[in-house]
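My notes follow the order in which I checked things.

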Amino acid sequence: MSADKGMEVSIAASVAAKLARVEAVAAYPITPQTHIVEHLAEIVANGELDAAYINVESEHSAMSACVGASATGARTFTSTSAQGMELMHEILFIASGMRLPIVMASVNRALSSPLSIWGDHSDVMAARDTGWIMLFTENGQEVVDSIIMAFKIAEDRRVLLPAMVNLDGFSLSHVIEPIQFPSQEDVDRFLPPYAPLYTLHPDKPVTMGAYAMPELYTEAKYSQEIAIRNSKAVIKEVMEQFSKDFGRKYNIVETYNIEKADTVFMALGSINENIKTAIDLLKDNGKELGLVAPRLFRPFPADELVEVLKTKKKLAVFERVMPGGAMNGPLYNEIASMVVQNGLDLQLENYIFGLGGRDVEPEELIDVFEQISTSAKITHADNKNYGVIGVRS
Amino acid sequence: MAKPMDQYKWHELTVGCVIEEVGNAMEYKTGDWRSSKPVWNREKCTKCGLCWLFCPDAAIHQSDEGYYYADLDYCKGCGICARECKPGAITMVEEER
């Protein structure tokens, strides 16, 4: 284990891909993902990594090239953001349907229009039902570790599904953080070479991505659904193994200060560090509030969330995406469905925040947290469902 | 395919629905999509082979005498052969089932 190294998180993400010994990369640059693929291109060009770096004309082609590369049995990596993710959208379903363990660093950014290069979760949430495994990260170390874990999860014979490691654009991708890189030997031990089940090879021809008539499509999609549902056990296993091998503990659901708290918060991504700061500040004033942070979003870890939430009274879900006409944000909708199906007695609140890169400081969170924990039921000015933090009206 | 499509259970499918048995599309007889079939008039046929060349399903074969015929297990009745036949030797004849 090497010492901490100050590094931009994007650069660290590309070093993680190198440590995972990726064999094929196809990507198209888009802010705020650019530094990841730029640095990977450098690593490959310098001969530090023996990989095919496929230059393409769009994200649609990038993901298509990844599908082809992965089908030949190569460990395949890509990265994108926002509009790039949208342009990949069609192929995202093809990658998961063909059960190809591609790993993507998804640098979360707002979708146009209005045009914004800044961070929020509208890109990943629009891709949430593409059949990809989805991990969320809070800091640079988690990005590095999650990329390495993502390959092990995706390539497991019991899984064989693509995986997305989500990191917030700018607030994570462009900050310099202390990172501990595992040694190449340790990564090699943790992540052996990819042993594909099927490959496109002239010696043993197969057909991949064929047509399914109505008689077969339902069974095909059902088997894929079972695979992503069952992947949760493997994800837990891999996180446990990682904790053992590298000493950094990972769980599919993380908690912070929930023991004495009746009211808990939930969010995905880097805002959780601000939420923890706000929780600490409130604790200093004698108020006990907690955080439940799903590190895994797909498959949705409902059982594990029920376990930590069943004794709580109130849960406020914070999301970096506009519901787009839905009753609430996508994470809240999952939670509401979980609460109903498990008969939990949990009061729910939903907040939208941090859209298009708007900062939400711990102080602002404290005001909202105090209101949530002290009011019986919050009524929002123009909408009975969710509140929008900081919107000027 | 080991058995008809509608008899497969979800757990009997290969991962990613990979087809391990190359060329098994032959087992899927698409001829029942057809509503009309090509009929050759041997008096007009010059054995030029354009019908064979244009058939998108490779369902047209040549007999020992050099005349062409359609394999009705696969011919979908698209009529491209009849349209391309220069001497007009092929007529599409409606079928009733």
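**Entry 1. Overall build.** I am working from a predicted model. I began with the secondary structure of chain A and found 12 helices and 15 strands. Next I checked the radius of gyration. It is 21 Å for chain A, close to the 21 Å that the globule rule gives for 393 residues, so chain A is as compact as a globular protein of that length. Along its principal axes the C-alpha trace spans about 70 × 55 × 45 Å. I also looked up burial: 48% of the 393 residues of chain A count as buried. Then I took the contacts in chain A between residues at least 6 apart in sequence; 79% of them join residues at least 24 apart.

**Entry 2. Two domains.** Chain A is divided into domain 1, residues 5-246, and domain 2, residues 253-388. I noted 28 Å between their centres, taken over C-alpha atoms. Across the boundary, 28 residues of domain 1 are in contact with 19 residues of domain 2. Which elements give two or more residues to the domain 1 side? I found α5 (122-126), β6 (133-136), β7 (163-168) and α8 of chain A. The largest share, 5 residues, comes from α8(A). By type, this side of domain 1 divides into 12 nonpolar, 10 polar and 6 charged residues.

**Entry 3. Contact with chain B.** I then turned to the other chain. Here 19 residues of chain A are in contact with 14 residues of chain B. Helix α8 (residues 214-246) gives the most to the chain A side, with 6 residues. That side divides into 13 nonpolar, 3 polar and 3 charged residues. I marked α8(A) in my notes for both surfaces: it gives the largest share of the domain 1 side facing domain 2, and the most to the chain A side that touches chain B.

**Entry 4. The nonpolar core.** The largest nonpolar core has 121 residues, and Ile147(A), Ile148(A) and Ala163(A) touch the most other members. Helix α6 (residues 140-155) of chain A gives the largest share of this core, 9 residues. Leaving aside neighbours within four places in sequence, Ile147(A) is in contact with Ala13(A), Ala16(A), Ala17(A), Ala20(A), Val103(A), Ala105(A) and Val165(A). Another core, of 13 residues, lies apart from the largest one, with Cys75(B), Cys81(B), Ala89(B) and Ile90(B) among them.

Entry 5. I checked the length of α11(A). At 1.5 Å a residue, its 13 residues should span 18 Å; the end C-alpha atoms are 18 Å apart, which agrees. Pro330(A), Leu331(A), Tyr332(A), Glu334(A) and Ile335(A) are buried in α11(A). The buried residues of this helix pack against α5, β13 and β14 (347-352) of chain A. After α11(A) comes Gly343(A), whose phi is positive, near 60°.

**Entry 6. Gly329.** Last, I looked at the loop between β13 (314-319) and α11 (330-342) of chain A, where Gly329(A) lies. Is Gly329(A) buried or exposed? It counts as buried, with 25 C-beta neighbours inside 10 Å; the cut-off is 20 or more. Beyond its neighbours within four places in sequence, the contacts of Gly329(A) include Val317(A), Glu319(A), Asn350(A), Ile352(A) and Tyr386(A).

Notes: Residues are numbered from 1 along each chain as its sequence is written. Chains are lettered from A and ligands numbered from 1 in the order in which they are written. This is a predicted model: local features need pLDDT of at least 70, side-chain atom pairs count only at pLDDT 80 or more; totals for chains, interfaces and linings use all residues. Two residues are in contact if their C-beta atoms, placed from the backbone, lie within 7 Å. Helices (H or I, at least four residues) and strands (E, at least two) are DSSP runs, numbered from the N terminus. Ala, Val, Leu, Ile, Met, Phe, Trp, Tyr, Cys and Pro count as nonpolar, Asp, Glu, Lys and Arg as charged, and the others, Gly among them, as polar. The radius of gyration is taken over C-alpha atoms; the globule rule is 2.2 Å times the number of residues to the power 0.38. A residue is buried if 20 or more other C-beta atoms lie within 10 Å of its own, exposed if 12 or fewer, and partly exposed in between; C-beta atoms are placed from the backbone. Domain bounds come from an automatic or database domain assignment. A nonpolar core is a set of buried Ala, Val, Leu, Ile, Met, Phe, Trp, Tyr and Cys residues joined through C-beta atoms within 7 Å. The expected span of a helix is 1.5 Å times one less than its number of residues.
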